[in-house]
Amino acid sequence: MNNENRYLTFALGKGRLVDSTMELLEKCGIHCEEVTDKKTRKLIFTNEELKLKFFLAKGPDVPTYVEYGAADIGIVGKDTIMEENRSVYEVLDLGFGKCRMCVCGPESARELLDHHEMIKVASKYPRIARDYFYNRKQQTVDIIKLNGSVELGPIVKLSDVIVDIVETGSTLRENGLTVLEEICPLSARVIVNQVSMQMESERIHKLISDMKENL
């Protein structure tokens, strides 16, 4: 049932993961320079020789494209996979784009967490925040969804704490906030559409093992 003329399509989360992803694919013998060309207006990039297509999408949309089969393979941060909670296979941790999902706030909020008080939590990741507080900590909280600089939450007294990605922690420090609890480590992952995994099993497994070898 292997269709020689079928393209395998990659959805790549826009932003800093793209360059690292393309570097890795180059090591696997997969070239598509246009993907990293900042000036291009193209939406879809093709490698005719290997029958591969690539497109860039906003991070949160990548699991959606993969779940619905518009892309066979997606490369996106673990935070997005957790937040979007789509029916996809997560097959490989690429190990780059490393950071942590944390509960952050002023030092004074630490005891509110320790005593499981009813607190306000601001986050771009309401699902992750809810899962952490309700299921792991059994703490009832009020979750407020923000799209922008969540650090503002505690500063303007919108929330007691925030749930956000922390890389170096310098933005937190500059704003008088600190990491109070770590939820989980994050990095770039490879996800695969469930049907593609069966239909294109050979090509996809080869691709995954090539990527593994070149990490």
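## Strand β11 and its partners

Strand β5 (residues 89-93) pairs with β11 in the antiparallel sense, over four bridges; here two strands count as paired if DSSP finds at least two bridges between them. Asp93 stands opposite Arg189 in β11. Strand β4 (residues 73-77) is also antiparallel to β11, with five bridges, and Gly77 has Ala188 of β11 as its bridge partner. Strands are DSSP runs of E with at least two residues, helices are runs of H or I with at least four residues, and both are numbered from the N terminus.

This is a predicted model, in which local features need pLDDT of at least 70 and side-chain atom pairs count only at pLDDT 80 or more, while totals for chains, interfaces and linings use all residues. Residues are numbered from 1 along each chain as its sequence is written, and side-chain values use heavy atoms, with hydrogens and water left out.

How many of the five residues of strand β11 are buried? Five of the five in β11 (residues 188-192) are, so the strand is largely enclosed by the rest of the structure. Buried means under 20% relative accessible area, exposed means over 50%, and partly exposed lies in between, using a 1.4 Å probe and protein chains only. In a regular strand the side chains alternate between the two faces of the sheet. In β11, Ala188, Val190 and Val192 point one way, and Arg189 and Ile191 point the other way.

## The six-stranded sheet

Strand β11 belongs to an open sheet of six strands with mixed pairing, in the order β2-β3-β1-β4-β11-β5. The edges are held by β2 (44-47) and β5, each with a single partner strand, so one side of each is left without a neighbour in the sheet. From one strand to the next, the twist averages 25°.

Axes are lines fitted to C-alpha atoms, for helices over the stretch in contact, and angles run from 0 to 180 degrees between N-to-C directions.

## The five-stranded sheet

Another open sheet, this one of five strands, has the order β8-β7-β9-β6-β10 and again mixed pairing. Its edge strands are β8 (141-145) and β10 (178-186), each pairing on one side only. The twist averages 25° from one strand to the next.

Within this sheet, β6 (residues 99-105) and β9 (residues 161-166) run antiparallel and share five bridges. Cys104 finds its bridge partner in Ile162 of β9.

## Helix α5

In helix α5 (residues 126-136), the buried residues include Pro126, Ile128, Ala129, Tyr132 and Phe133. Just after α5 comes Gln138, with a positive phi of about 50°.

## The chain as a whole

The protein chain has nine helices and 11 strands, and its C-alpha trace spans about 60 × 35 × 30 Å along its principal axes. Of its 215 residues, 46% are buried. Among contacts with a separation of 6 or more, 69% come from residues 24 or more positions apart.

The chain exposes about 11500 Å², with 48% of it supplied by carbon and sulfur atoms; accessible areas come from the Shrake-Rupley method with a 1.4 Å probe, and for residues only the protein chains shown count as cover.

How values were computed: Contact means heavy atoms within 4.5 Å.
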